[in-house]
Amino acid sequence: MDTNLGQITMNGYEAKGHFVLPASDWTGEYYELLQASLEKMKRKYEHNTGAQQVIGMIESEISLYEKHGGEYSYVFFAMERKWI
């Protein structure tokens with residue numbers, strides 16, 4: 001967090017606030033809905049190799065979060081450009 005706040009300042013912005021997104025935003029509000037859509041897309045694009053690769057990448061991301069979601073989180077930063 002301190003590194004990111006320092007980078008904000010070093011790049012000419014003023015940090016106005018920040019908050020850590022709750023895990024529920026990534027589970028119930030995103031990954032669970034996305035997983036349901038992926039099942040439909042697998043069937044719809046079963047003969048499209050490119051689409052299947054993208055679906056696999058998204059499934060890997062979901063799996064990574066399921067296994068290691070407690071080890072990292074996402075932060076929303078609000079900032080304002082400092083005008084010189």
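**Close-up views of helix α2 and its surroundings**

**View 1. Buried residues of helix α2 in the predicted model.** In α2, the buried residues are W26, Y31, L34 and L38. The coordinates come from a predicted model. The buried residues of α2 pack against α3.

**View 2. Geometry of helix α2.** The helix comprises 22 residues and reaches 30 Å from its first C-alpha to its last. This span is close to the 32 Å expected at 1.5 Å a residue. A kink of about 35° in α2 is centred on Y31.

**View 3. The largest nonpolar core.** Seven residues form this core: W26, Y31, L34, L38, I55, I62 and Y65. The elements that contribute two or more residues to the core are α2 (23-44) and α3 (49-68). The largest share, four residues, is provided by α2. In soluble globular proteins, nonpolar side chains tend to be buried together.

**View 4. Surroundings of L38.** When residues up to four places away in sequence are not counted, L38 touches I55, I58, E59 and I62. L38 is itself one of the buried residues of α2, and both L38 and I62 belong to the largest nonpolar core.

View 5. E61 lies in helix α3. Its relative accessible area is 33%, so E61 is classed as partly exposed, a class that lies between the limits of under 20% for buried and over 50% for exposed. Leaving aside neighbours within four places in sequence, E61 is in contact with Y30 and Y31. E61 and S73 are twelve residues apart in sequence, and their C-alpha atoms are 14 Å apart in space.

Technical notes:
Residues numbered from 1 in each chain as written. Predicted model: local features only at pLDDT ≥ 70, side-chain atom pairs only at ≥ 80, totals over all residues. Heavy atoms only, no water. Core = buried A, V, L, I, M, F, W, Y, C linked by side-chain atoms within 4.5 Å. Buried < 20%, exposed > 50% of the residue type's maximum accessible area, 1.4 Å probe, protein only. Contact = heavy atoms within 4.5 Å. Expected span 1.5 Å × (residues − 1). Bend = angle between axes of the 7 residues up to and from the residue.
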